[in-house]
Amino acid sequence: MTSIHGLQKIFPAGFDNGYGNLKLLVEGFDVVRIPSYISTADMEDVPGRVEFEGKAYTVGESAFRAGTHFERNTDSNENKVKNALTTLLGALAHLPHRKAWHLKMVVSLHDVGLAEDLKQILNGEYQPILAGKASEVKVEVLKVVPEGMGALFGQPLPKKLTVLDFGNGTTLFSRYNQGKREVHTPYPTGVEVLIDDIAQKMKHLNGGKVGDPAKIRYCLEMGHTRYSRDIDIKEIYIACLKDWYEKYLKKAVNLALDAKHSGDELWAIGGGCLLPGFTKLLEKNGFKVLDNPVEANAVGLLEMAKTIASKN
């Protein structure tokens, strides 16, 4: 955490509004990484609580803890764009309060064809109440880049590179030559598919009820398989992981292994890399799993924002 000048108003930032997690990295602050959940339940002024344009809602961990219905980015393909301002304000409501934020952002998006729509939703000046305190927020999107590009920014890249990004909603296969992207194929089957499968198959452990996807995801992200005090989903997880890999990931992984055969280095990013036991599997196949696979994209987006802002 670097110290921030009290009067500073303009902050470069990187924003990755993922299906599973959203990551906001504002210069000088710790990264905000929270589940992409939005709840309209009544709540205290917790981190992630926003009052804006006559509505009140909460984004992130507290939305899940409220235990009642919440909307998830992953519930619809349009949500990454449609909910972008909602989730951005929710992410800001996790940071120390400031009277004024002017964010100069680089944002990543799975479908850059929607870049203009995203800019329209985000750009502007807003007066929300963030975690109980009023704030003036000005958002300026400097650039929209394809998902995963941030992770490569500022890194020395091998001449030939193939990257697999294991996200919540999608698995992305990208190939780069001399740092230029040549191939970009999204497969609509991310970690969410694995989690739904586990939820269905754990009924016999869970009194006949389908498992709660948010709870399954939470324990896996923590690196273990204890769903609750009494329920360990380890065996189901191992079986479902195999199945998920065989049915959905093998195609992308095989494409990557073919690329390796023709001289590409293989890198893996995205939250899926952190699934228990999955890193080992990837490394066994010759992938280099980036140090911080979940936040690598946001870190690069902030660096891009700093570079662009300093040029202007």
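This is a predicted model: local features need pLDDT of at least 70, side-chain atom pairs count only at pLDDT 80 or more; totals for chains, interfaces and linings use all residues.
The model contains an open sheet of 6 strands. The strand order is β3-β2-β1-β8-β12-β9, and the pairing is mixed. Strands β3 (32–35) and β9 (124–126) form the edges, each pairing on one side only. From one strand to the next, the twist averages 25 degrees.

Within this sheet, β1 spans residues 10–17 and β8 spans residues 100–109. The two strands run parallel and are joined over 7 bridges. Residue F15 stands opposite V107 of β8. A helix, α10 (residues 296–311), packs on the sheet. Helix α10 touches β1, β2 (21–26), β8 and β12 (136–146). The direction of α10 makes about 145 degrees with that of β1. In a regular strand, side chains alternate between the two faces of the sheet.

A second pairing involves β14 (residues 171–177) and β15 (residues 180–187). Here the sense is antiparallel, again over 7 bridges. L172 has P186 in β15 as its bridge partner. Together β14 and β15 make a hairpin, with 2 residues between them.

The structure holds 10 aromatic pairs. One aromatic cluster is formed by Y37, F64, F70 and Y218. Charged side chains also sit over rings. The charged end of K80 lies over the ring of Y19, 4.2 Å from the ring centre. For R98, the charged end sits over the ring of W101, at 5.7 Å from the centre.

The cysteines were considered next. Across the whole structure, the search finds 0 disulfides. C219 takes part in no disulfide, and its nearest cysteine sulfur, that of C240, is 12 Å away. A disulfide requires the two sulfur atoms to be within 2.5 Å. C219 counts as buried because its relative accessibility is 2%. C240 has a relative accessibility of 1%, so it also counts as buried. The cut-off for buried is under 20% relative accessible area.

Technical notes. Residues are numbered from 1 along each chain as its sequence is written. Side-chain values use heavy atoms; hydrogens and water are left out. Two strands pair if DSSP finds at least two bridges between them. Helices (H or I, at least four residues) and strands (E, at least two) are DSSP runs, numbered from the N terminus. Axes are lines fitted to C-alpha atoms, for helices over the stretch in contact, and angles run from 0 to 180 degrees between N-to-C directions. Contact means heavy atoms within 4.5 Å. Rings of Phe, Tyr and Trp (its six-membered ring) pair if their centres lie within 6.5 Å; planes under 30 degrees apart count as stacked, over 60 as edge-to-face and the rest as tilted. A charge sits over a ring if NZ of Lys or CZ of Arg is within 6 Å of the ring centre and within 35 degrees of the ring normal. Buried means under 20% relative accessible area, exposed over 50%, partly exposed in between (1.4 Å probe, protein chains only).
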